[in-house]
Every structure is written in structure tokens, then in C-alpha cells.
Amino acid sequence: MVARIPTEWNQEKAQAGVVNALQANPDSAVAHRDLGSAFIRVGRAPDAVTHLETALRLRPEFPEALALLEASMKHAEECWVDDKTEAG
């Protein structure tokens, strides 16, 4: 059986599913990683960092979460620099 890949990614539906998974199992490193990833997709880097740090606290050897954390922190830093440049 071949998995079907949706042609349109539904951010809200995916995020709701991850939130439900976290409510059922708040110690799920995978769910925290997934929610962090969802927050990155919508430009919510601070929220992404919170969940990715939690994923790494729960599972320190989690390369996917670490890579996403590094990317979200870099994005947050770039936004901060852009905001300072525009304000300056």
C-alpha cells in the first residue's frame, strides 16, 4: 500500500492533532517536536523554541528536534535583527 500525500497541507488540522496528542501524553518528545515544527511553519519561532526545548529535555538524543531548534532560533534571531534595523 502506498501512502497518499495530501496536495494541500492543513496547518490548523495538523496543529490540532498534535495538541490532542500532547494532551493525551504530555511527555511525548515526538509530539513536542511536531508542534515545534508546526509553529515554525507559521512563523511562531518563540513557541517553536519552547516545544523543541521540551522535546530535547525529554529525549536528549533527538537529532531532528535539535536541527529544528537550531533553525527556529536562527529564524528568531534574523527577525529580531530585522526589527532592530527597521526601528533604527
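Mentor: A salt bridge is a side-chain nitrogen of Lys or Arg within 4 Å of a carboxyl oxygen of Asp or Glu. Keep in mind that this is a predicted model.

Trainee: What is the general idea behind such pairs?

Mentor: Side chains of opposite charge can pair when their charged atoms come close.

Trainee: How many salt bridges does a search of the whole structure find?

Mentor: Two. Start with Arg 33 and Asp 34. Their closest N and O atoms lie 2.8 Å apart.

Trainee: Is Arg 33 buried or exposed?

Mentor: Buried means under 20% relative accessible area. Arg 33 has 18%, so Arg 33 is buried. Asp 34 has 30% and is partly exposed.

Trainee: Which side chains meet in the salt bridge with an N to O distance of 2.7 Å?

Mentor: Those of Asp 47 and Arg 44. Asp 47 is partly exposed, at 30% relative accessibility. Arg 44 is partly exposed too, at 37%.

Trainee: Which residues in α2 are buried?

Mentor: Arg 33 is one of them.

Trainee: Which residue takes a positive phi just after α2?

Mentor: Gly 43, with a phi of about 80 degrees.

Terms used. Residues are numbered from 1 along each chain as its sequence is written. This is a predicted model: local features need pLDDT of at least 70, side-chain atom pairs count only at pLDDT 80 or more; totals for chains, interfaces and linings use all residues. Side-chain values use heavy atoms; hydrogens and water are left out. Buried means under 20% relative accessible area, exposed over 50%, partly exposed in between (1.4 Å probe, protein chains only). Helices (H or I, at least four residues) and strands (E, at least two) are DSSP runs, numbered from the N terminus.
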